[in-house]
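A briefing on both topics follows.

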Amino acid sequence: MRVNGEPYRTIWVDEDSWSIRIIDQTRLPWSWHVPRLTRMAEAAEAIATMRVRGAPLIGATAAYGLALALREDPSDWGLEEARDQLLGARPTAVNLRWGLDQITGAVTGLAPGDRAAAAYERAGELADSEVATCRRIGEEGLPLLEALGRERPGNEPVQILTHCNAGWLACVDWGTALAPVYQAHDRGLSVHVWVPETRPRNQGAALTVWELSQHGVPVTLIADNAAGHLLGRGRVDLCLVGTDRTTREGDVVNKIGTYPKALAAQANGVPFYVALPGSTVDWEVASGAEVPIEERDSREVTHISGLTERGEASELALVPAGTPAANPAFDVTPAGLVTGLVTERGICEASGSGLAELYPEQAG
Ligand code: MRU
């Protein structure tokens with residue numbers, strides 16, 4: 001997608017053809033910084049501190065991180081160590097394990113001296129295929145928005161509620177939940193996106209508003225707890241969110257705050273769709289209750305960061321020091337609350353049979 005008119009992906013190989021560039025998302029929307037990653041430990045740090053985040057981008061960064069590691073130590077032991085470190089960076093997004101498995105598969109059996117080159121090649125293929133996959137998700141989801149557009153009088157926009165950031169910043173390009181929105185906007189369909197702030201890290205406020213606005217898509221920022229009101233008043237036509245892991249039975253693990261939106265959507269008869277690439281399905285897990293939920297530092301809840309009137313980045317305490325706080329980063333939306341899963345292979349029911357029909361080779 002474009003930033004100030006320039007096309008960008010969220011991760012790419014630098015001109016030196018081996019170090020990795022990322023967009024530091026902890027600095028958005030205030031400043032644009034594209035650090036170089038030269039060591040596996042820097043890739044792991046970028047994932048853990050959320051300089052890169054979003055399930056597909058976490059997977060791509062892990063893949064490149066393993067390639068960086070194999071430059072340092074291509075032995076079996078080095079591969080194993082690097083895998084463990086990267087795998088521990090963030091527990092919920094299954095794409096992390098998927099990215100690592102893809103690289104491990106590509107280098108296993110090769111002589112140590114050939115491993116780094118093979119890993120870079122495979123990581124590049126993965127990044128390209130994620131872009132193609134997200135474009136397909138956009139094409140598969142577009143008819144949902146077009147159908148709603150046909151029901152609207154005049155040129156009134158289709159009203160979409162999303163959550164967190166499941167746009168191009170969360171992927172390599174295009175996004176998952178936002179891919180159909182970009183496709184609709186580019187084809188001239190009038191759309192408007194309600195963007196919940198997504199406390200505690202404010203990915204909605206800081207990232208989703210920024211990336212949609214860069215592309216010219218109309219947005220309105222709302223407080224997280226305003227979504228139920230908007231759904232109740234008929235001001236949302238469709239909910240469209242991403243996911244970090246969807247179980248083989250269709251339970252959806254996504255950013256904390258997704259589940260209450262799904263409940264409110266069902267209570268008000270508003271369709272609730274989840275967009276995802278096949279790499280986000282965890283075929284080994286049936287129920288969302290089995291998925292590890294990342295518990296992040298409680299400081300993200302007790303503090304808030306932003307820009308002072310003088311334009312300096314700053315952090316403020318919201319409560320007195322020592323206030324007990326918990327910070328579960330994801331929640332589980334049961335399959336029964338999900339109207340459908342929008343994938344690169346089409347839209348299916350959020351169920352074991354729905355997913356098995358689209359991915360027969362995985363369902364076994
Ligand atoms: O904690 P984050 O910012 O990595 O969480 C991101 C989300 O929850 C997204 O909705 C999810 O990764 C899907 S991204 C296409």
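**Helix packing and domain contact**

The axes of helix α1 (residues 40–48) and helix α3 (residues 76–87) come within 9 Å of each other and cross at roughly 15°, where axes are lines fitted to C-alpha atoms, for helices over the stretch in contact, and angles run from 0 to 180 degrees between N-to-C directions. That makes α1 roughly parallel to α3, given that angles under 35 degrees count as roughly parallel, over 145 as roughly antiparallel, 65 to 115 as roughly perpendicular and the rest as oblique. Helices (H or I, at least four residues) and strands (E, at least two) are DSSP runs, numbered from the N terminus.

This is a predicted model, in which local features need pLDDT of at least 70 and side-chain atom pairs count only at pLDDT 80 or more, whereas totals for chains, interfaces and linings use all residues. Residues are numbered from 1 along each chain as its sequence is written, and side-chain values use heavy atoms, with hydrogens and water left out.

**α1 with α3**
- The crossing of α1 and α3 is right-handed; a crossing is left-handed if the near helix is turned anticlockwise from the far one by less than a right angle, and right-handed if clockwise.
- On the α1 side M40, A43, A44 and I47 meet A82, Q85 and L86 of α3, contact meaning heavy atoms within 4.5 Å.
- By class, the contact of α1 with α3 has 6 nonpolar, 1 polar and no charged residues, where Ala, Val, Leu, Ile, Met, Phe, Trp, Tyr, Cys and Pro count as nonpolar, Asp, Glu, Lys and Arg as charged, and the others, Gly among them, as polar.

**α1 with α2**
- The axes of α1 and helix α2 (residues 55–72) come within 7 Å and cross at roughly 160°, which makes α1 roughly antiparallel to α2.
- α1 passes α2 in a left-handed crossing, and the contact is made by M40, A43 and I47 of α1 with I58, T61, A62, G65, L68, A69 and E72 of α2.
- The residues of this contact divide into 7 nonpolar, 2 polar and 1 charged.

**Domains**
- The protein chain is divided into domain 1 (2–128) and domain 2 (137–363), with bounds that come from an automatic or database domain assignment.
- The C-alpha centres of domain 1 and domain 2 lie 24 Å apart, and 32 residues of domain 1 are in contact with 34 residues of domain 2.
- Between them, domain 1 and domain 2 bury about 2700 Å², 57% of it on carbon and sulfur atoms, buried area being the accessible area (1.4 Å probe) that two parts lose on being put together, summed over both.
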